[in-house]
Amino acid sequence: MSTIFVGIINSEGQLWRKQRHYIRQRRLGVSGHSGASNLMPRNSTQRMNECIQHEASTFISTINRDFTGKSLDPAVLLNCAVANIICSLIMSTRFHHNDKAFQRFMFLFDEGFRIFMSTGYATFIYFLEWLPGVRTKCDKLERNREEMVAFVREIIDEHKATVDLEGESRDLIDAYLQKMAKMTKEESREFFEGFDPEKQLEQVVLDLFSAGVETSKTTLLWAIVYMLHNPEEMRKIQEELLEKVGPNRMPNMDDRDALVYTRAALYEVMRRSSVVPLGTTHATTRDIEFEGKTIPKNTHIIPLLYGVHMSPDVWDQPKEFRPSRFLSDDGKSVVRPADFMPFGAGHRMCLGDQLAERELFLFFASFLHAYDFAVPEGNSTFRNYES
Ligand code: HEM
């Protein structure tokens with residue numbers, strides 16, 4: 001597509017390096033936040049945990065209040081819950097799952113993914129975008145993007161009206177605005193590599209949503225599917241939850257070390273589902289010799305993470321759902337083999353890995369603490385997902 005979107009996912013070189021470093025340093029916006037309603041400043045990990053905890057308990061109480069005895073598509077509520085975690089961190093706001101503007105914003109991401117997938121090779125071979133069918137899809141993607149930018153723009157403008165340029169930042173948008181205000185023209189040109197800083201901020205926000213919501217939601221939906229198909233594993237997790245957390249409170253982040261089997265099962269969900277089967281496009285910075293072949297400098301390389309996770313050379317019976325792969329021999333701790341790479345590898349690996357691991361853990365543990373998953377009796381639509 002002809003428009004240059006900058007941001008983080010589609011940027012490279014110094015622009016990518018500086019933005020990535022800055023977002024990491026600000027911990028997606030949590031760092032620098034003192035917790036407006038608290039007298040004691042909270043550290044960034046604590047705030048991230050509180051934010052995830054809040055969304056997980058809102059998710060469970062919404063189901064209990066509004067859906068007991070009714071059928072429910074968990075995707076809608078989950079989408080809202082994981083999106084709200086990102087909203088809280090980067091823009092200090094959250095939305096109700098029935099909020100029309102927010103629903104539309106989320107729908108546009110969803111539609112974007114679907115259209116993008118259907119463009120196939122056209123995404124990689126530029127002149128193909130001018131083929132009639134492909135052009136229509138690209139035009140639609142651009143129109144959708146304009147609508148998403150308008151949504152984000154409104155939130156940035158609200159921040160501009162209320163930010164304390166000298167004080168602590170409330171979130172990532174504040175942090176960027178404060179940084180922009182403090183920089184000289186020369187520093188700004190260097191930090192944003194000559195791109196418009198506000199356009200860069202818009203795209204960073206969109207990138208964090210597009211990278212963080214679909215991935216987390218889909219992993220959690222797969223977790224439900226794997227529990228439905230492996231009730232004996234579900235029981236083991238629930239026994240651990242009952243023993244280590246007990247029935248009278250929800251699990252929280254402090255339970256992580258004790259919930260060994262739960263975490264191993266979650267890793268197995270992540271390995272088996274590989275929700276990001278292909279990583280982003282990397283490139284060689286020099287000629288590389290690999291298995292007798294030369295890969296020239298500047299070649300695009302797309303890591304096949306699904307292939308790594310399903311390789312029989314690495315994993316015994318890779319199609320089997322077996323959480324014990326991630327347990328130490330004595331079963332007392334979680335192990336993380338080098339070939340487990342749901343977040344990719346190298347300098348370009350996922351920027352939200354810590355947030356994602358925390359939210360996946362808490363939602364997964366909360367699900368199984370609160371509910372049993374079972375196929376309704378007589379249901380004829382339940383099939384083996386391998387077939
Ligand atoms: C289950 C959850 C998630 C999975 C499985 C996942 C996986 C990945 C993978 C495989 C990549 C590409 C890495 C590579 O090519 O080497 C990636 C990139 C990225 N992810 Fe995630 N991700 C998840 C959640 C998140 C969250 C919650 C955020 C932020 C809010 C996020 C932000 C990003 C960004 C910004 C990139 C691009 C990094 C760059 O180009 O430098 N991800 N993710």
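**Exercise 1. The two domains**

Task: How far apart are the centres of domain 1 and domain 2, taken over C-alpha atoms?

Solution. This is a predicted model. Start with the division of the protein, which gives domain 1 (13-212) and domain 2 (215-370). Taken over C-alpha atoms, the centres of domain 1 and domain 2 are separated by 24 Å.

**Exercise 2. Where the domains touch**

Task: Which helix gives the most residues to the side of domain 1 that touches domain 2?

Solution. Begin with the contact itself: 19 residues of domain 1 are in contact with 18 residues of domain 2. Next, list the helices on the domain 1 side. Helix H1 (13-25), helix H2 (44-66), helix H3 (74-91) and H8 supply at least two residues each. H2, with seven residues, gives the most to this side. By class, the side of domain 1 that touches domain 2 has 12 nonpolar, five polar and two charged residues.

**Exercise 3. H2 against H3**

Task: Are H2 and H3 roughly parallel or roughly antiparallel to each other?

Solution. Two packed helices are described by the angle between their axes and the distance between the axes. The axes of H2 and H3 come within 9 Å and cross at roughly 155°. Angles over 145 degrees count as roughly antiparallel. H2 and H3 are therefore roughly antiparallel to each other. The crossing of H2 and H3 is right-handed. On the H2 side, the contact is made by Cys 51, Ile 52, Glu 55, Thr 58, Phe 59, Thr 62 and Ile 63. On the H3 side, Leu 77, Ala 81, Asn 84, Ile 85, Ser 88 and Leu 89 take part. The contact of H2 with H3 divides into eight nonpolar, four polar and one charged residues.

**Exercise 4. H5 and its two partners**

Task: At roughly what angle do the axes of H5 and H6 cross, and at roughly what angle do those of H5 and H8 cross?

Solution. Take H6 to begin with. The axes of helix H5 (residues 132-162) and helix H6 (residues 172-182) come within 10 Å and cross at roughly 60°. The crossing of H5 and H6 is right-handed. In this contact, Ile 155, Ile 156, His 159 and Lys 160 of H5 meet Ile 173, Asp 174 and Leu 177 of H6. These residues comprise four nonpolar, one polar and two charged.

Now take H8. The axes of H5 and H8 come within 10 Å, crossing at roughly 110°. This angle makes H5 roughly perpendicular to H8. H5 and H8 also have a right-handed crossing. H5 contributes Met 148, Val 149, Val 152, Arg 153 and Ile 156, while H8 contributes Leu 201, Glu 202, Val 205 and Leu 206. The contact of H5 with H8 has seven nonpolar, no polar and two charged residues.

**Exercise 5. Around the ligand**

Task: Which element gives the largest share of the shell around the ligand?

Solution. There are 31 residues around the ligand, and Gly 212, Gly 279, Gly 344, Cys 350 and Gly 352 come nearest. The elements that give two or more residues to this shell are helix H8 (197-229) and helix H12 (353-370). H8 supplies seven residues, the largest share. The shell around the ligand also draws at least three residues from each of domain 1 (13-212) and domain 2 (215-370). Sorted by class, the shell has 19 nonpolar, nine polar and three charged residues.

Conventions. Residues numbered from 1 in each chain as written. Predicted model: local features only at pLDDT ≥ 70, side-chain atom pairs only at ≥ 80, totals over all residues. Axes fitted to C-alpha atoms, helices over the stretch in contact; angles between N-to-C directions. Helix = DSSP H or I, 4+ residues; strand = E, 2+ residues; numbered from the N terminus. Left-handed = near helix turned anticlockwise from the far one by under 90°. Contact = placed C-beta atoms within 7 Å. Nonpolar A, V, L, I, M, F, W, Y, C, P; charged D, E, K, R; others polar. Near = placed C-beta within 6 Å. Domains from an automatic or database assignment. Parallel < 35°, antiparallel > 145°, perpendicular 65-115°, else oblique.
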